[in-house]
Protein chains: 2
Amino acid sequence: MRKTKDENALIAWIERALRSGKARPLAVGLGDDAALWVPEPGYETILTCDWFLQDSHFLRRKHPPDAIGWKCLARAVSDVAAMGGKPRCFLLSLALPVSLTGKWLSFFLAGLRRASGRLGCVLAGGDTTCQDKVLISITVVGEVGRGHAIQRSGARPGDLVFVSGTLGEAELGLRLLRRMRGMAKATNAALRKHLYPQPRLALGQWLAENRLATAMMDLSDGFSTDLPRLCAASRVGALIYGNSLPVTPLAQTGDAQDLALNGGDDYELLFTVSRKKETRMPHKFQGLRLTRIGEITRERKILLINARKPARLRPGGWDPFRQS
Amino acid sequence: MRKTKDENALIAWIERALRSGKARPLAVGLGDDAALWVPEPGYETILTCDWFLQDSHFLRRKHPPDAIGWKCLARAVSDVAAMGGKPRCFLLSLALPVSLTGKWLSFFLAGLRRASGRLGCVLAGGDTTCQDKVLISITVVGEVGRGHAIQRSGARPGDLVFVSGTLGEAELGLRLLRRMRGMAKATNAALRKHLYPQPRLALGQWLAENRLATAMMDLSDGFSTDLPRLCAASRVGALIYGNSLPVTPLAQTGDAQDLALNGGDDYELLFTVSRKKETRMPHKFQGLRLTRIGEITRERKILLINARKPARLRPGGWDPFRQS
């Protein structure tokens, strides 16, 4: 496959690969100085951006370019799910070596196109440049009915703490991937979750539209790092029942709880529900498990109870600046 | 100055440094999964993003961190000026080495804060991570009255071609900077334009509100590379009078036209005006020179006329993928 000959050709290629047949919410997309977006009356706009960088967030020799294309958009869209909104369009900032502007780029764009179609989020614009490593920054624009967005700051003492799905599976997938030779393949649920995460859009929207959650966020850096952020924003603490955590059945006994507490990249939703709405919470939403794992406390500590012995929960998730 | 101890501390620092006293157009800014933006009724939203990368767009040992902070926002805002819009808020994706999270970061944030205040564009959110080089991607959100945005595609044969300010000055500034020892200082107009470019917001808005320009873009990669993009979007050609180009008086004779044609980073506006509105165009707008430099032609070639001899204009501006 030919490499791109200049920046104009690269932009034209990206535009062709991601052109959508659907009616676009855009007045002007690619090919101008900026995109023009027509907001829906009565809605607020959600704005979020995410890094996805070679060697920090993915490995060139291990992660298939198709999965990189899927995941860079899916993880940014997950922040829209966490507000209870619908994704609409995205901007792609892409830097890559000239040597990857042939076959690698074509698989990357195929994965990105699949995510764009599946998540209902069209390409609106972006910026491209040449670098010796692959650098991606994605901005996602979404919408949510005015006053319906679920923030991190709304949890109140007595609220119940829920998570969707299982925790720690993506981290387990990463460990399996590290042990594989060459490019990884999604041969089991853990690898699938690591390579092709599914933002919980339908659940987030359902919780927002029915005003069921008092606070919400997505789990990207790991439960033990993310829960304290929700608690800090709400000025509360929490009591977590270790035995209730929805651990992955794929893990070795012993590892499972550690993976659930500290594994990143799950993109499940963590949310709180007031006690009087508890009966309205199903055990499953569209096949996705919902688990009550604790409660919000007035005292601003986060305690983990395992076999009746409460202990302080220490952040053990992902922090790029932690000096260990 | 102390280095940051973790990602939460870094985000809190950035938030403090860029907190704005002004009423913000945001429902929720930093500290949640995403920002919530309340669009103005009757307006369209402008979305644009720009890379600003160490070694590609700036040099760590030559460019003062304060100028990097200013310029990363100013150049992204310039795309909003090019649509005739007003900037509102921005998202900052910042990756940097731990060693720069002390003094360097504090100067960077001071420059960014100044740009944010001067350009009326508040921080809405972002993403931070650790890398061995400084990587910046900025997304700017702006607004423009519905139907008033000026696109690249509206130029018609017979329209007159205008540029603001002088061309090639920023490139001259870069050449001076390369010859300086240590950190550069803005000791003359060329260095000032390279280090602290001024997006032409007032001019862009005036042209849009008065429906004076048929097409517009900002000059970031150099006139000879950017003009063909406007012409391609409008499906037209152009005839440029070499002697009319507003060259910088700071250049050596001989160099001046080459700088004006191929120098990047000027962030001046290139726009076209229909002949019947020519009389409404002043020679200066708020002290900024406006120069008529040519006309749009039906034939899709771009010709440069110097001393009566027309020649094809070859793109000689910035292209990160060109193999020279």
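Predicted model: local features only at pLDDT ≥ 70, side-chain atom pairs only at ≥ 80, totals over all residues.
**Exercise 1. A loop residue in chain B**

Does R235(B) count as buried or exposed, going by its C-beta neighbours inside 10 Å?

- Step 1: count neighbours. R235(B) has 12 C-beta neighbours inside 10 Å. The cut-off for exposed is 12 or fewer, so R235(B) counts as exposed.
- Step 2: find its place. R235(B) sits in the loop between α7 (223-234) and β9 (237-241) of chain B.
- Step 3: check the backbone. Its phi is near 55°, which is a positive value in a residue other than glycine. As background, most residues other than glycine have a negative phi.

**Exercise 2. Two domains in one chain**

Which domains does the assignment give for chain A? Describe how they meet.

*Solution.* 
- Step 1: get the bounds. Domain 1 of chain A covers 7-145 and domain 2 covers 152-312, according to the domain assignment.
- Step 2: get the separation. The C-alpha centres of the two domains are 26 Å apart.
- Step 3: tally the contact. Domain 1 of chain A puts in 17 residues and domain 2 of chain A puts in 20 residues.
- Step 4: look for the main contributor. On the domain 1 side, helix α2 (residues 65-81) of chain A gives the most, with nine residues.
- Step 5: sort that side by class. It has nine nonpolar, three polar and five charged residues.

**Exercise 3. Where the chains meet**

How many residues of chain B are in contact with chain A?

*Solution.* 
- Step 1: 55 residues of chain B touch 55 residues of chain A.
- Step 2: strand β3 (residues 43-53) of chain B supplies the largest share of the chain B side, nine residues.
- Step 3: by class, the chain B side has 30 nonpolar, 13 polar and 12 charged residues.
- Step 4: now the pairing. Strand β3 (residues 43-53) of chain A and strand β2 (residues 35-37) of chain B run antiparallel and are joined by three bridges. Within this pairing, I46(A) is opposite L36(B).

**Exercise 4. An enclosed strand**

Why is strand β4 (residues 86-96) of chain A described as largely enclosed? Then trace its partners.

*Solution.* 
- Step 1: 11 of the 11 residues of β4(A) are buried, so the strand is largely enclosed by the rest of the structure.
- Step 2: take the antiparallel partner. Nine bridges tie β4(A) to strand β6 (residues 135-145) of chain A, with S93(A) opposite S137(A).
- Step 3: take the parallel partner. β4(A) pairs with strand β5 (residues 122-130) of chain A over eight bridges, and C89(A) stands opposite V122(A).
- Step 4: follow the chain. Going from β4(A) to β5(A), it passes through helix α3 (residues 103-119) of chain A, and this β-α-β crossover is right-handed.

**Exercise 5. The nonpolar core**

Which residues have the most contacts inside the largest nonpolar core? Pick F90(B) and list what surrounds it.

*Solution.* 
- Step 1: the core holds 198 residues, and those with the most contacts inside it are L73(A), F90(A), L73(B) and F90(B).
- Step 2: leave out neighbours within four places in sequence. F90(B) then contacts, among others, L73(B), A76(B), C121(B), L123(B) and V140(B).
- Step 3: recall the general rule. In soluble globular proteins, nonpolar side chains tend to be buried together.

Definitions and conventions
Residues numbered from 1 in each chain as written. Chains lettered and ligands numbered in written order. Domains from an automatic or database assignment. Contact = placed C-beta atoms within 7 Å. Helix = DSSP H or I, 4+ residues; strand = E, 2+ residues; numbered from the N terminus. Nonpolar A, V, L, I, M, F, W, Y, C, P; charged D, E, K, R; others polar. Pairing = 2+ DSSP bridges. Core = buried A, V, L, I, M, F, W, Y, C linked by C-beta atoms within 7 Å. Buried ≥ 20, exposed ≤ 12 C-beta atoms within 10 Å, placed from the backbone. Right-handed = clockwise from strand over helix to strand, strands pointing away.
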